[in-house]
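Biologist: Please take me through this model one feature at a time, with the general idea before the case.

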Amino acid sequence: MKLWKILLTAVLGVAFAANVAAQQTTLRIFTGGQQRPDVMRKIADEYQKRNPNVKVEVEVGGATSDSQQQYLSTVLSSKDSVLDLVLIDVIRPAQWAAQGWAEPLDSYLGADKAKILPTYLKAYAEANTVDGKLMALPYFADAQFLYYRKDLLEKYKRPVPKTWDDMIETARIIMDGEKAPQLQGFSTAGAPIEGTVCTYLVPLWGAGSDITKDGKLNINTPEARQPFQLYGRMKQAGVLPKNVAEIPTDRIRVDFQAGNVVFAQSWGYFWNRAENDADSKVKGKVGVAVLPHDKGGKSATCIGGWQVAVSAYSKNKQEAVKFARYLSSPEVSKMQAIMASHLPVFPQVYKDPEVIKANPWFAEALPVVETAKSRPVSAQYPQVSDAIRSNMNAYLAGIKTTDTALNDMKSRLTPLYR
Amino acid sequence: MTDAVISTSKDMSERKLGTLLLLPAAALLLLVVVYPITTLFFTSLHAVDNANPRAGEQWVGLANYFRAFDDDRFWHSLFQTVLYVVVTVPGALLVGLGLALLANKPFTVKWPVRLGLLLPWALPLVFCGLIFRWFFEYETGIVNDVLVRVGFEPLQWLSSPTLATIAICITIIWKASSFMALMLLAGLQSIPKSLYEAAEVDGASKWQQFVEITLPMLRPAIFVALIFRTITAIQTFDIPYAMTGGGPGDATETLAMYIHKTTLDFLDFGYGSALATLMFVLSLVLTTGYLKYTRRSASRSGED
């Protein structure tokens, strides 16, 4: 009799547990180490509180956009269903659409698609739409800015530079005045990494040109030479770090925080770290501005930021899309802005008083982000990127001239734009 | 039953048992060697248009191989790989031999030397690359610090193709010589002491002992170490990947790095497989060469 009771309880218990398990969905989201997984965890906790049937696991991997994509290429090429959602770089949607890795969201959103798309910053609505299909939802925005040492500019009574030549001159004056051998005038990404693509593109766009024109390769122009010539002038003036060809993105911040950089070209995360990090020597001295341009040109900047894609191999697509919509909501945009100084993807969030209080420079950031440009959109973006970055890197290292770098770039890009 | 029947059935069952015992190893070899290499070669005869990958794989015959012959980047990475082999294999052998001789000295406390031998070997390649990248760093690196202290200008080690190659070679030799030393140390310890005692009685100098006893007796160990080192040198990836990422430009890129980039970054599996097949052929040729040479020299020393 007793045994019978125990058995019955056990059977009922198992049945009950199975029932709960059937209702409980586990979503696994992949994020890179640089995209503040701690903040993602807090957002996921909030989502779990509101949706007790969902459990979110945050998988963290890869310190750079490249290494994350290498891992994801392996997982997704083998059609592994382990990931439900993935944070992808703004440069990736075209490739993800072509490879069939991201689930198009149109059918899940239905009529909502037309309603929500116009609420985003235009560049992000466009970046995530490939051939009319919505491949991912924007998570946070990013762009490159000019960071500068307010204290040094004041000390030498120099205005924030508008043109590259102004900047070189100011950097030179400050370097000569400070006489600190460690001091670099201007630092930007120069190592053979993704960020170096922007190092080439920003001055190219500033000159009013682009890599492609009407879908055709467009680097037989005098403008395509201008970025090389600009960095050549900087090298001659001695304002670039001597080892600029070895500098990856985060090294710029480390040098700047140590007080060794006057001007830096970097992404949105920079300000928060330089102002708040315990070891920062430049707290309260960090200025942010629009990147300079050539005389007669217009300022341009590289768009960055991260998108939430739903894996085509996920087994919980409905729930995944729901979570993706939460991650891409004004509410989460605001949470990220306050917790991580991630730039919002909705224009109105930039004006939110709490956001402004945490990031006073966001009000000026909005016009910059609104005019930021996309790197070449291509299903074969990794090859495009490699052609640009390795030649920009070789030029900065001094092993290629403008002509050889541009010719080599052309010969690698030509087969990709037939 | 007669005895004859019993012994045949015993033979049969022993043969069966033998086959049975061989099966796991054979299956494992099929699974991890034969299957991947066949797949690799098969993939190398196909191509995917990554502008439109959903069109699927197309049979292209040997087109990927012809493409490699026209590809400057392939030739450069091959040259760079061969350069690492030519410099680091003898380099590691010399340093390793020195270390092994040192470790073989009758120290009363042997563990510090042996620990020193084991540590570089136990360190993962990527860590090693990252550590040496910091050593050769322009502003904060210890190498430039030493250069400045002795009155030289600091060098941009990782921004110049020549200096970066030198820095990478130094790192590889540092890392690889401890493995060499371990292999050679095992060889050294198998040389009977009596040979040296006899040589001493005959009045041979230390150098003569080294040339006439140590080197010939060490020959098999040296060859095994050389084969292992050459194969790993052909596959050089981690250290340059961590130190320069192939830069400046593609100057320090090895064949293995180019294959990694082609497959994992560019998703060009067909071409990447063709390059990998070529690398496999390269190791095969070099290893066969070594084996032929050792076999010939072994039979020659047998004739003596």
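**Reading single residues**

Modeller: Thr188(A) is located in the loop between strand 8 (184–187) and helix 10 (195–206) of chain A. Helices (H or I, at least four residues) and strands (E, at least two) are DSSP runs, numbered from the N terminus. This is a predicted model, in which local features need pLDDT of at least 70 and side-chain atom pairs count only at pLDDT 80 or more, while totals for chains, interfaces and linings use all residues. Residues are numbered from 1 along each chain as its sequence is written, and chains are lettered from A and ligands numbered from 1 in the order in which they are written.

Biologist: Is Thr188(A) buried or exposed?

Modeller: The test is a count of other C-beta atoms, placed from the backbone, within 10 Å of the residue's own: 20 or more is buried, 12 or fewer is exposed, and in between is partly exposed. Thr188(A) has 25 such atoms, so this residue is buried.

Biologist: Which residues is Thr188(A) in contact with, leaving aside neighbours within four places in sequence?

Modeller: Contact is a matter of C-beta atoms, placed from the backbone, lying within 7 Å of each other. By that test Thr188(A) touches Thr199(A), Ile252(A) and Gln265(A). Separation can also be given from C-alpha to C-alpha: Thr188(A) and Ser299(A) are 16 Å apart in space and 111 residues apart in sequence.

Biologist: Where does Lys410(A) lie?

Modeller: Lys410(A) belongs to helix 19 (residues 402–413) of chain A. With 15 other C-beta atoms within 10 Å, Lys410(A) is partly exposed. Its C-alpha atom is 9.1 Å from that of Ile388(A), a residue 22 positions away along the chain.

Biologist: What is the phi of Asp214(A) and of Ser341(A)?

Modeller: Asp214(A) has a positive phi of about 50° although it is not a glycine. For Ser341(A), also a residue other than glycine, phi is positive and near 50°. Asp214(A) is placed in the loop between strand 9 (212–213) and strand 10 (216–217) of chain A, and Ser341(A) in the loop between helix 15 (330–340) and helix 16 (353–358) of chain A. Asp214(A) counts as exposed, with 5 C-beta neighbours inside 10 Å, whereas Ser341(A) is buried, with 23 other C-beta atoms within 10 Å.

Biologist: Which residues does a cis peptide bond join in chain B?

Modeller: Gly247(B) and Pro248(B) are joined by a cis peptide bond, with omega at about -5°. Pro248(B) falls in the loop between helix 10 (238–243) and helix 11 (255–265) of chain B.

**Reading helix pairs**

Biologist: At what angle do helix 9 and helix 11 of chain A pack?

Modeller: Axes are lines fitted to C-alpha atoms, for helices over the stretch in contact, and angles run from 0 to 180 degrees between N-to-C directions. Angles under 35 degrees count as roughly parallel, over 145 as roughly antiparallel, 65 to 115 as roughly perpendicular and the rest as oblique. Helix 9 (residues 164–178) and helix 11 (residues 222–237) of chain A pack at about 15°, their axes 11 Å apart. These two helices of chain A are therefore roughly parallel to each other.

Biologist: Which residues of helix 9 and helix 11 of chain A meet?

Modeller: Trp164(A), Ile168(A) and Arg172(A) in helix 9 of chain A meet Leu230(A), Arg233(A), Met234(A) and Ala237(A) in helix 11 of chain A. By class this contact has 5 nonpolar, no polar and 2 charged residues. Here Ala, Val, Leu, Ile, Met, Phe, Trp, Tyr, Cys and Pro count as nonpolar, Asp, Glu, Lys and Arg as charged, and the others, Gly among them, as polar.

Biologist: How do helix 3 and helix 4 of chain B cross?

Modeller: In chain B, helix 3 (residues 72–104) and helix 4 (residues 111–122) have axes that come within 9 Å and cross at roughly 155°. That makes helix 3 of chain B roughly antiparallel to helix 4 of chain B. Leu99(B), Leu102(B) and Ala103(B) of helix 3 and Val113(B), Arg114(B) and Leu117(B) of helix 4 make the contact. The classes in this contact between helix 3 and helix 4 of chain B are 5 nonpolar, no polar and 1 charged.

**Reading chains**

Biologist: How many residues does the contact take from chain A and from chain B?

Modeller: Chain A gives 23 residues and chain B gives 21. Helix 3 (65–77), helix 4 (93–99) and helix 18 (381–397) of chain A each supply at least two residues of the side of chain A that touches chain B. Helix 18 of chain A gives the most, with 8 residues. That side of chain A has 9 nonpolar, 10 polar and 4 charged residues.

Biologist: How many helices and strands are there in chain A?

Modeller: Chain A has 19 helices and 13 strands. Of its 418 residues, 49% count as buried.

How values were computed:
Two residues are in contact if their C-beta atoms, placed from the backbone, lie within 7 Å.
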